[in-house]
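Welcome to this guided tour. Keep your viewer open and select each stop as we reach it.

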Amino acid sequence: MTDFLLELRSEEIPARMQDKAREDLARLFAAELEKAGLKAGEIVTYATPRRLALIARDLPAQTEAVSEELKGPPADAPDAAIDGFLRKAGLTRDALETRDVKGRATLFAVIDKPGQATAEVLATAIPAIVRAFPWPKSMRWGDASLSTESLRWVRPLQGIVALFGDDVVECEVAGVRSGAATVGHRFHHPGVITIGSASDYVEKLRACHVIVDQNERRATIALGAKMAANKAGLTLIEDEGLLIENAGLTEWPVPLLGRFDEAFLDVPPEVIQLTARVNQKYFVCQDAAGKLANAFVCTANIDAADGGAKIVEGNQKVLAARLSDARFFYDTDLKVPLAEQAKKLEKIVFHEKLGTVADKVERVAKLARWLVEQQIVTLAKAGVSRGSAGQEPQETPAFAGVTELADQAERAARLAKADLVTGMVGEFPELQGLMGGYYAAAQGEDAAVAEAIRDHYKPVGQGDDVPTAPVTVAVSLADKLDTLSSFFLIEEQPTGSRDPFALRRAALGAIRLIVEGKLRLPLGRLIQEAAVYGLIQRTSDDDIASAVAQLQNDASDFGQQADFAAESVGEGLRALAERISSREGYEGFLRGSLQAGDMQALYELETFFADRLKVQQREAGVRHDLIDAVFALGGEDDLVRLLARVHALQAFMGTDDGANLLAGYKRAANILKKEGVTDAVWSAPAYAPEPAEAALIAALDGAEPKAAAAVEGERFEEAMAALATLRAPIDAFFTDVTVNDADPAKRESRLALLARMRDAVHRVADFGKIEG
């Protein structure tokens, strides 16, 4: 068995493309081997800024000889059919064999294919791999680039090393011939290196200051950066993405610690970290108190003779310039009150059918206030927050009233998007919300308002923190619900994998706010309220005037009829016209009179929420069939109560009582289905019930009211415990009692009793949806 080495050397490969390129190289190489009937014992890939390499271990010297049989037409078939088969097989008539197939002479072709040298397979595979490589961005170069048929590569291809054992695999791609020569580090060893075989590739390059293993480079940077920070009495702020990127930018990484002016620490730490990370690819450090320190770690690509002093000096100058720009943005933004910045939102289109960002802000502000005034978000949910931007953690005062909280929620909502037009967010869009929080705090806004501005986008992902401060919850929930209802009303729902407006993420965020914040609310009403604000906003004064005029005309027509009923209808229409003549009145009218199309869109949004909840709970380890069992009851849109029922059901089904009750339920349900019993009202039998029958009746008499009361009181564990008392009586009933008795009265009564048991269980969940 022999090892194979392939190195494709080019100008700099972007760091972000390297991991995917390694995967693609291994995949394409394995596919080419498979075509020839070969398989490597192991495939290892490497990537540096200047090379993409692969080592395939334990390849045979040649492919195995193959004998292939082709079944042809019958021996007495027309000549045309036989000639066609001969052309397909590439044989002459005398090379065919005749065999008996079901009593009929049939022609067969036996084609022996000799083994092929693996080197020949590789020589064909290399050009195919290079030309089929799926770089996300690629280029043509040189004179050949005038032709659309010329090679495309991520950067100009400069060399190919192809060694099968210690022999060169001869091939050529776009004028670049394969060989055994590569180059070392650009500065430490720019000369040519001759590779002997795959076995010495890694170590020969290491001797020439190239670490080809990306994982080794990452480990070198991680350790070196930590040591540099620790030596200065600091702690490195780890960043996995930045670590990978630095490893992709260097072939001989050397972490170095530098400093910047302490005066820059007046700028928010997130700005400094993002400036260092995004613009310069630097790590940052924190001091013993956990605060950002005026230090950074850069990764050089050279082992400098002066220990890196000049490199650090140059990087300090560059970072100082970047931080000066950041401070300029920060200071300039602070001079303009957020309320003034918010006015600029009128010029930013949110969506062509939904108006400007200013229009969205108006809707969110109204909805956030409504959430507080309806006491959906209340001070009972308040607690110690994580601290507003630029301030210490705050505790919502217990004496704060609903009106004050509503004012804060509305104020925060009106300022929440203002930082979108600031210079800092224009430079770093990732800081939206966060910078608004800093600016609000610095400009004297209430701490709760500043915190809500900062955190109103949360939770962004599954691992993100869920806000707990009431003002923040109100604004965050209002923002997400407005987005969802608005896009559903204009029929922009997600379809398949397409979700351009991130509505799935918004729904999951809203669900987490509701569930983890234990917000008790009817989801359907909340969705409708959010929709009304959008609908009234998109209703012009002319639309309202037209509706009023139509009602007045209809009222006049009815008034002309000499009929008391018609006059009453006319009076009602005139009163309605008067009521909706103002925007406030029309808004109230909309709440109770949504059009069928709008109601359908909102119903689809509720269904969308249900689907997202199922996805979330499945990921949290809740069985999907138990979620379906509770959803099947219908009429439940309090998510907190719904999930409490699901969790109690999951715990119950994990017990023997739950499993046995399910078995008894399914047996009863199957009998009822077979007998066509859907609705049956049980009454005390006129005959003397058998002991097991009487025991089940008594058990139901006790369990039904207990379960119903427990469900009403949202004590779902108690409801499950009440159902558990039915287990033994049901088992005994099926063992000792004949349901389909010859006596029609007994048969009817016992079927009704099973229906009663089924309905009792359905008070908690539809056990028919549960697997098992």
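Let's start in a loop: select Lys 281, which sits between α7 (269-280) and β15 (283-286). Helices (H or I, at least four residues) and strands (E, at least two) are DSSP runs, numbered from the N terminus. Lys 281 is not a glycine, yet its phi is positive, at about 65°. Lys 281 is also partly exposed, with a relative accessible area of 25%. Here buried means under 20% relative accessible area, exposed over 50%, and partly exposed in between (1.4 Å probe, protein chains only).

Before moving on, a word about what you are looking at. This is a predicted model, in which local features need pLDDT of at least 70 and side-chain atom pairs count only at pLDDT 80 or more, while totals for chains, interfaces and linings use all residues. Residues are numbered from 1 along each chain as its sequence is written, and side-chain values use heavy atoms, with hydrogens and water left out.

Select Ala 174 next, in the loop between β9 (172-173) and β10 (176-179). Its phi is near 50°, again a positive value in a residue other than glycine. Ala 174 is partly exposed, and its relative accessible area is 46%.

Now go to the loop between α14 (447-455) and α15 (470-489), where you will find Pro 459. What kind of peptide bond joins Lys 458 and Pro 459? The bond is cis, with omega of about -10°. For background, most residues other than glycine have a negative phi, and most peptide bonds are trans.

**Around helix α2**

Select residues 79-89, which form helix α2, and colour Ile 82, Phe 85, Leu 86 and Ala 89: these four are buried. They lie on the same side of α2, because they cover an arc of only 100° around the axis. That arc is the one made by the directions from the helix axis to the C-beta atoms. An α-helix has 3.6 residues a turn, so residues three or four places apart point the same way.

Just after α2 comes Gly 90, with a positive phi of about 70°.

**Partners from elsewhere in the sequence**

Select Ser 67, in strand β4 (residues 66-74). Which residues does Ser 67 touch, not counting those up to four places away in sequence? They are Val 110, Ile 111 and Asp 112, where contact means heavy atoms within 4.5 Å.

Then select Glu 410 in helix α11 (residues 402-415). Glu 410 is partly exposed, at a relative accessible area of 21%. Leaving out residues up to four places away in sequence, Glu 410 touches Ala 365 and Arg 369.

**Zoom out**

Finally, show the whole protein, with its 28 helices and 18 strands. The radius of gyration is 37 Å, well over the 28 Å that the globule rule gives for 772 residues, so the protein is more spread out than a compact globule. This radius is taken over C-alpha atoms, and the rule is 2.2 Å times the number of residues to the power 0.38. Along its principal axes, the C-alpha trace spans about 100 × 95 × 60 Å. Of the 772 residues, 48% count as buried.
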